[in-house]
Amino acid sequence: MFKFILKRVIEAIPTLLILITISFFLMRFAPGSPFSSERTLPPQVMQNINAKYGLDKPVMEQYTTYLVNVLQGDLGPSFKYKDYTVNELVAAALPVSAKIGSVAFLFAVFFGVSIGTIAALRQNSWLDYSVMSTAMLGIVMPSFVLAPVLIYIFSIHLGWFPAGGWLDGSAQYMVLPVLGMSMMYVATFARITRGSMIETLNSNFIRTARAKGLSFPYIVLHHALKPAMLPVVSYMGPAFVGIITGSVVIETIFGLPGIGKLFVNAAFNRDYSLVMGVTILIGLLFILFNAIVDILLAYVDPKIRF
Amino acid sequence: MHKNKITQALLLAAGISLVATSFSTMAANVPAGVKLAAKQELVRGNGTEVASLDPHKTEGVPESHVIRDLLEGLVNQDAEGNTIPGVAERWETTDNKTFTFYLRKDAKWSNGDPVTADDFVYSFQRVVDPATASPYSWYLEMTTMTNAADIIAGKKDKSTLGVKAIDAHTFQVHLENAVPYFVMMMGHTTVKPVHKATVEKFGDQWTKPENFVGNGAFVVSNWVVNERIEMTPNKYYWDNAHTVLTKVTFLPIENQVAEMNRFLSGELDFTYEISNEHFRSLKKEHPESLQVKGNLCTYYYNFNTHKKPFDDVRVRKAISYAIDRHIVTDALLGQGQKPAYFLTPEIIAGFSPTLPAYGKLTQKERNAKAKELLAEAGYNKSNPLKFSLLYNTSENHKKLAVAIASMWKKTLGVDVTLENQEWKTYLETKKQGNFEASRAGWCGDYNEPSTFTSLMEGSNTTGGIHYQSAAYDELIKRGIETTSAKERTELYYAQEALLAKDMPIAPIYQYVMARLVNPHVGGYAANNAEDKLYSKDMYIIAE
């Protein structure tokens, strides 16, 4: 297992390097600069600003300086938020996205798997149809539609929950964003679980177990659930990264100070160093979670281990 | 229109020293009979996250809103937009070149240090110091402060700037040209003081809540990037006795709908703005909360006069004439915006732009004239005029562009390609001159016509660079150099007249500022044209 993990770490290095290089140059080639504003600055002021941020140096030199700094864990000063370094901004935003993301993720997995399993066990019953058609609604209803609807009902009309804000992650501020963020994944997990569970229940080893006279709940819990979880586990990696990074919409609608919002603002502001910092972070997360999923799969499915 | 402002400007221009007692120094003036709420906490929507809380490193409106509460400059504004004493309790000048400010002796920083003339010397030098790389350093250059331009360019040392501390509480500024509206310009964010010892000790980190030292009515107590900035009263502020609020929170909410929702669910006391689409429904359902006031800004289309087809003044005029500005202001916007036929908005202090000849015509007459001009320029059915109109991505700009393009199509048979670009790309395209016509807008930095008319100067990369008129530049130069207020006003009229003649831009409308304000907020400055709102003047009324 240690060798397996080591291999993944070594593989990650060139991937990250390519990611840094491509995004570094793509960002520089985007029209506009971090310091362009409506009233174009006098050339001497522009020169002073460029000198301060090292933008007056040749691009290749900027690139090598950046790489050396990143290796030392220094993502540089933010070009837009002048009172902060990228390290500070990312360190403040990541816990917000991580907290809301993990809660939404756990919520999605728990309810998705439960609903999917129930639907599979009552296949083609009214319960199955009603649960799965609701799930379908969850998939097709994008969060930018769902979230305002939730706000309209629960904040403006009923006044139960705030319409936005974070306030250090207090519970009442988390309810609506978590719902808005996880509904789509609850639905997807439910569909995957249902399909996989039905397939598993129809397979030969389950039939054997039933022939042996084992009770149905016992078969489901001890024999069917684990193999049925394979596609669910595979989907967990992308789902988790998707929830954390794809939270842009939710973070914007609810005004949450997370990574997604930081990333979008950075791109619009041409905040080169912040865009790079968040890109590297997301790249790292992707690699990390794919590795975790691989390890989990190896645990669940003996075929992968051997 | 705003008589008091005009008088004010004249008084300043004449160099009469003003005694603080002649104004009621603004502060939360709670009228008798108003019952205050037990909880005095205000939550303000503030558009986008601030780029910095350092007044010498910012350029945006959201930053100014926050900094106005944290730092106090030489002068402030009252609810009507008049310049009133700030740290300076009075000032005097005899030639509009040398200004002496007498600082109040009880002004203190939030650590208890006195605010002295040396603080202003240090701060003004810091703005022009190339090492600070201030994006608004040109503002001091515009005041013609002695040596400012050379210091910014790195040709002279910052110590040569025309500022001097005569004694601890007497601050003197020397200008190269007479600028009668100089005192008014001292209300800007860029010229707020910073605490030298704190800045030198913490560098870029001095604005963090744990390090912050300011001289405004409030100090930062908490700052979560992209979520909130919280502030509490500065107990050393000279007028702290009159501050009623115990806490002020600024929320950066970019999305107008999200901001409106948070207002409607009671989490915000007033919004930064409201979206056009919701204006009518809000007016119907929440008339008590809707506040609309004139705003010192003009919306216009500018033409690239260096490129076909807009190198021909007849084409520029035809296109400008054919815009039915009343449809734009009444049918499309409908919040109280006014049509614009000039660059300087009417709400400006001390100047009333006169309607140019084409502004006096009816739209029907203007359309006829436009057709005539376009035909003269050689465009007709077999050779229709085609051009592209660039605007920065936004629902409102799109709505206007589509409507105006259809006016041009209907009246003149012109084919317009609409091209929208995201903000920074749009700025770059304009800078490169890769456009034919483009949407633009400008809000005054101070309440005086030159903040608008200087836009069209040839060296001004925002507007004038696409115009380049030696005659216009000469008028601007004379406006700066003259020592006669009357002559300066004449020159502003001449500048506007030349713009109407050359039509490098098609002015469209004059802005209003519309926002939702909870009726329980007292002391909201509903008539301040520059939207200079001071939290220290506000209070919460008991429901």
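Where is Arg270(A) found? Arg270(A) sits in the loop between α12 (259-269) and α13 (272-300) of chain A, and we'll come back to this residue below. First, a word of orientation: what you're looking at is a predicted model. In chain B there are 18 helices and 18 strands, and 40 residues of chain B are in contact with 40 residues of chain A.

**Chain B as a whole**

- The radius of gyration of chain B is 24 Å, close to the 24 Å that the globule rule gives for 543 residues, so chain B is as compact as a globular protein of that length.
- If you follow the C-alpha trace of chain B along its principal axes, the spans come out at about 75 × 55 × 40 Å.
- Of the 543 residues in chain B, 53% are buried.
- Take the contacts in chain B with a separation of 6 or more: 69% of them are between residues 24 or more positions apart.

**Where the two chains meet**

- On chain B, 40 residues are in contact with 40 residues of chain A.
- Helices α8 (256-264) and α15 (423-432) of chain B each supply at least two residues of the side that touches chain A.
- α15(B) gives the largest share of that side, with 6 residues.
- Sorted by class, the side of chain B that touches chain A has 16 nonpolar, 11 polar and 13 charged residues.

**The nonpolar core**

- In soluble globular proteins, nonpolar side chains tend to be buried together.
- Here the largest nonpolar core has 220 residues, and those with the most contacts inside it are Phe189(A), Leu70(B), Ala318(B), Ala322(B) and Ile508(B).
- Helix α7 (residues 171-201) of chain A gives the most to this core, namely 14 residues.
- What does Phe189(A) touch, leaving aside its neighbours within four places in sequence? Phe189(A) is in contact with Ala108(A), Val109(A), Gly112(A), Val113(A), Gly116(A) and Val232(A).

**A six-stranded sheet in chain B**

- Chain B has an open sheet of 6 strands in the order β12-β16-β11-β15-β13-β14, and the pairing is mixed.
- β12 (338-339) and β14 (415-421) of chain B stand at the edges with a single partner strand each, so one side of each is left without a neighbour in the sheet.
- Helix α14 (residues 395-412) of chain B packs on this sheet, touching β13 (386-392), β14 and β15 of chain B. The direction of α14(B) makes about 170 degrees with that of β14(B).
- Strands β11 (residues 290-303) and β15 (residues 437-443) of chain B run antiparallel and are joined by 7 bridges.
- Across that pair, Tyr300(B) stands opposite Ala440(B) in β15(B).

**A hairpin in chain B**

- β6(B) and β7(B) are linked by a hairpin through 2 residues.
- Strand β6 (residues 163-167) and strand β7 (residues 170-174) of chain B run antiparallel, with 4 bridges between them.
- Lys164(B) stands opposite Gln172(B) in β7(B).

**Arg126(B), a buried charged residue**

- Arg126(B) is found in helix α3 (residues 117-128) of chain B.
- Is Arg126(B) buried or exposed? Arg126(B) is buried, because 21 other C-beta atoms lie within 10 Å and the cut-off for being buried is 20 or more.
- Not counting residues up to four places away in sequence, Arg126(B) touches His56(B), Thr132(B) and Val194(B).
- Arg126(B) and Lys196(B) are 70 residues apart in sequence, yet 9.8 Å apart in space, C-alpha to C-alpha.

**Backbone spots to look at**

- Back to Arg270(A): this residue has a positive phi of about 55 degrees although it is not a glycine. Arg270(A) is also buried, with 24 other C-beta atoms within 10 Å.
- Asp531(B), also not a glycine, has a positive phi near 55 degrees. You'll find Asp531(B) in the loop between β17 (521-522) and β18 (539-540) of chain B, and with 19 C-beta neighbours inside 10 Å it counts as partly exposed.
- The peptide bond from Lys308(B) to Pro309(B) is cis, with omega near -5 degrees. Pro309(B) has its place in the loop between β11 and α10 (313-321) of chain B.
- Of the 8 residues of helix α8 (residues 204-211) of chain A, the number buried is 0, so this helix lies largely in the open. Just after α8(A), Gly213(A) takes a positive phi of about 90 degrees.

Note on methods:
Residues are numbered from 1 along each chain as its sequence is written. Chains are lettered from A and ligands numbered from 1 in the order in which they are written. This is a predicted model: local features need pLDDT of at least 70, side-chain atom pairs count only at pLDDT 80 or more; totals for chains, interfaces and linings use all residues. Two residues are in contact if their C-beta atoms, placed from the backbone, lie within 7 Å. Ala, Val, Leu, Ile, Met, Phe, Trp, Tyr, Cys and Pro count as nonpolar, Asp, Glu, Lys and Arg as charged, and the others, Gly among them, as polar. A residue is buried if 20 or more other C-beta atoms lie within 10 Å of its own, exposed if 12 or fewer, and partly exposed in between; C-beta atoms are placed from the backbone. A nonpolar core is a set of buried Ala, Val, Leu, Ile, Met, Phe, Trp, Tyr and Cys residues joined through C-beta atoms within 7 Å. Two strands pair if DSSP finds at least two bridges between them. Axes are lines fitted to C-alpha atoms, for helices over the stretch in contact, and angles run from 0 to 180 degrees between N-to-C directions. The radius of gyration is taken over C-alpha atoms; the globule rule is 2.2 Å times the number of residues to the power 0.38.
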